[in-house]
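I opened a new notebook page for this structure. I wanted to look up a few things and write each one down.

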Amino acid sequence: MKLTGLYGKGAYMQFRVCGFLFSIFSIVYLYVFQKHVLEALHFSLAHGKTHFAPLGSALVITLILVLLAWGVSSLFQLKEGVKAWAYFPSCVILGFLTRIDYTVYLHHTPDNWMWQIGLLLVGFVVVTMILRYVMRPLTEKQWSLIVKLNSNLSILLVLCFMTILIGNTKRIFHHELEAEFYLRERNTTKVLKVAEKSVEASRTLTVLRSIAMVCEGSMGDKLFAYPQYYKSDGLFFPDKSAQNLRFNNDSIYALLGVRPYVGEKRQDYLRNSCYEETGKYTALDYYLSSLLLEKQLDDFVQAFDDLCDSSAYIPRYYQEAFILYEDACTSAERIYSPDSVLLSKYVAYKERKTTFTSHIEAKNQMRREYGDTYWWYFDYQE
């Protein structure tokens, strides 16, 4: 009786250790790694009508999943060495809870989820029956507590790894959700800090950054500090795309103060909103930036001369564009007096370009040294 009680107490303690470790994993996974995914899911389900508390949500979900594991363990009467297997359903739910992608904004669950979850749960029942009946002599053997604890920890480790594989771990998607969250909170500073050192940038993330810049009036100073792979398309979301998240082109049109006519090209739309003065001042930043992104320096210089006050502050990238334009067109009329420091930097840039024999080598090395300049974008970004 004493021996039985000892082993019963040992099994209980092992399950509590597994519960504690699973709780730590679940809270960290939800609150640290999947916080913005969970927030997006909450927003979709609540339609933005309730406040999201990331830590509170992680704690409540974890508590529910631990209670579920206790119920599963009690129902299937798993033996001491495999009690951690009771966390399989909890890990499946945790994984699929964070598996969401762009379809979350369409307010429906992907069709393949149900059969995937069902298949996994059927597999769980099959494996549980094997553990209970086929491998019963092995699981009932009086192994030492250390062996049983190691067995449970190994099972729990595999289940946690399975959770991570099921969940959405695409880095760029997480960056988009994070930037979108801060933009909704009107914290443009944090939007621009999201993946600010990364050379990866989806079109959605590029657009969200552009919105943040134009909101704080810094587009002319910050636009080319970030990768620009989409030219002027990076200023707008794709049309009729499910990847628009909670912002879309209507959000941009409201920001610019005017909507395009049906069939009107974006470049024409931006130009007309500026020259006809139908848009807000933000439309001017968008228009000038679109010309720079398309490398249309002649049109940029003309638009700046027509629409801007050259005696006022000229943003950094506008200055860099002017230096590039005047260097290419020596007969052009000077619109502004270039900053001596910036002019010296351009001279060094031109000299550095001549030291490379390979275009690929020049592109990569010059990016490391001058990747945050408009000059690099104009010469090397395809």
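**Entry: overall**

I noted that this is a predicted model. I looked up the secondary structure and found 19 helices and 0 strands in the protein. I then checked burial: 46% of the 382 residues are buried. For contacts with a separation of 6 or more, I read that 68% join residues 24 or more positions apart.

**Entry: helix α3**

I asked how far apart the end C-alpha atoms of helix α3 are. Helix α3 covers residues 54-76, which makes 23 residues. At 1.5 Å a residue the helix should span 33 Å, and its end C-alpha atoms are 33 Å apart, so the two values agree.

Next I listed the buried residues of α3. Ser57, Ala58, Ile61, Thr62 and Leu65 are among them. Val66, Ala69, Val72, Ser73 and Phe76 are also buried. I kept a general point beside this list: an α-helix has 3.6 residues a turn, so residues three or four places apart point the same way.

**Entry: cysteines**

I asked how many disulfides the count gives. The count comes to 0. I looked at two cysteines to see why.

For Cys18, the closest cysteine sulfur is in Cys160, at 9.7 Å. A disulfide needs the sulfur atoms within 2.5 Å, so the sulfur of Cys18 is too far away for a bond. Cys18 has 0% relative accessibility and therefore counts as buried.

For Cys160, the closest cysteine sulfur is in Cys91, at 5.1 Å, which is also too far for a bond. Cys160 is buried too, with a relative accessible area of 11%.

**Entry: helices α15 and α16**

I noted first that two packed helices are described by the angle between their axes and the distance between the axes. For helix α15 (residues 297-307) and helix α16 (residues 316-328), the axes come within 10 Å and cross at roughly 120°. That angle makes α15 oblique to α16. The crossing of α15 past α16 is left-handed.

I then asked which residues meet between α15 and α16. On the α15 side I wrote down Leu297, Asp298, Phe300, Val301 and Phe304. On the α16 side they meet Tyr318, Ala321, Phe322, Leu324 and Tyr325.

**Entry: Glu39**

Is Glu39 buried or exposed? I found Glu39 in helix α2, which covers residues 35-46. Its relative accessible area is 4%, so Glu39 is buried. I left aside its neighbours within four places in sequence and looked up the remaining contacts of Glu39, which are Phe52, Phe181, Arg184 and Arg246.

I then looked up two residues with a positive one.

Ala195 is not a glycine, yet has a positive phi of about 50°. Ala195 sits in the loop between α9 (188-191) and α10 (203-216). With a relative accessible area of 16%, Ala195 is buried.

Lys295 is not a glycine either, and its positive phi is about 60°. I placed Lys295 in the loop between α14 (282-293) and α15. At 27% relative accessibility, Lys295 counts as partly exposed.

Key
Residues are numbered from 1 along each chain as its sequence is written. This is a predicted model: local features need pLDDT of at least 70, side-chain atom pairs count only at pLDDT 80 or more; totals for chains, interfaces and linings use all residues. Side-chain values use heavy atoms; hydrogens and water are left out. Helices (H or I, at least four residues) and strands (E, at least two) are DSSP runs, numbered from the N terminus. The expected span of a helix is 1.5 Å times one less than its number of residues. Buried means under 20% relative accessible area, exposed over 50%, partly exposed in between (1.4 Å probe, protein chains only). Axes are lines fitted to C-alpha atoms, for helices over the stretch in contact, and angles run from 0 to 180 degrees between N-to-C directions. Angles under 35 degrees count as roughly parallel, over 145 as roughly antiparallel, 65 to 115 as roughly perpendicular and the rest as oblique. A crossing is left-handed if the near helix is turned anticlockwise from the far one by less than a right angle, and right-handed if clockwise. Contact means heavy atoms within 4.5 Å.
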